[in-house]
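Work through the exercises below with the model open beside you, and try each task before reading its solution.

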Amino acid sequence: MENKERKRNRILILFFLLITMAAICLAVWALFFRDSEKPLVPDYAPETEENAEPIPGDTGEAAPSTGGGSVTITYSNQVKISLAEGTAELMFANPGKSNKDMVMQIIIGETVLAESGRLEPGNQVKTIKLQDGIIDILELGGYDGKFMIYYFDTETGAQEIVNTEMPITITVEE
């Protein structure tokens, strides 16, 4: 009788040791090996977007800035990704009424698919290149995503405190 109880206690101890080891392994994985794909944003505005072009007919003058800022954004909430071209087709503009430069990211979940260079007031972008490796992880179809917009001082290039998140629909095509 005593022997059966001892055997049962050993099995219970072994079971709890296995659970403890599994929990420790999971914690180590979560702390050190899990991919953290948080979008990184520069502290200072990057180079001007290579695909930026003036907005046709934009005659807006920047609003006066008195310790703050004023931005206007024109965009389409539809983005088309071409896997064959490795580009995103979109409509995103920083009208001349704005008094801040912008950097725009296209994001699904926590993964940055593409990031524009600096868009100065009065400029727009219709095509941007995808980040390296993105075409390898996307499947054909539709996704819910977002634009993350970061603002930068036009004179110093320093990042502003405020940013904007806007929901978009992303269609991935061949």
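**Exercise 1.** Decide whether E165 and K146 are buried or exposed in this predicted model.

*Solution.* Begin with E165, which has a relative accessible area of 51%; because exposed means over 50%, E165 is exposed.

**Exercise 2.** Find out how the side chains of E165 and K146 meet, and where in the chain the two residues lie.

*Solution.* The two side chains meet in a salt bridge, with 3.7 Å from N to O. Locating the partners, we find E165 in strand 9 (residues 159-173) and K146 in strand 8, so that the pair links distant parts of the chain, 19 residues apart. As a further step, consider K100, D153 and E160, which are joined into one network by salt bridges that share partners.

**Exercise 3.** Describe the salt bridge between D101 and R118, and explain which parts of the chain the pair ties together.

*Solution.* First, the closest N and O atoms of D101 and R118 are 3.5 Å apart. Finally, both D101 and R118 are buried.

**Exercise 4.** State how many helices and strands the protein chain has, and in which order they run.

*Solution.* Counting gives one helix and nine strands, and reading from the N terminus on, the order is α-β-β-β-β-β-β-β-β-β.

Methods:
Residues are numbered from 1 along each chain as its sequence is written. This is a predicted model: local features need pLDDT of at least 70, side-chain atom pairs count only at pLDDT 80 or more; totals for chains, interfaces and linings use all residues. Side-chain values use heavy atoms; hydrogens and water are left out. Helices (H or I, at least four residues) and strands (E, at least two) are DSSP runs, numbered from the N terminus. A salt bridge is a side-chain nitrogen of Lys or Arg within 4 Å of a carboxyl oxygen of Asp or Glu. Buried means under 20% relative accessible area, exposed over 50%, partly exposed in between (1.4 Å probe, protein chains only).
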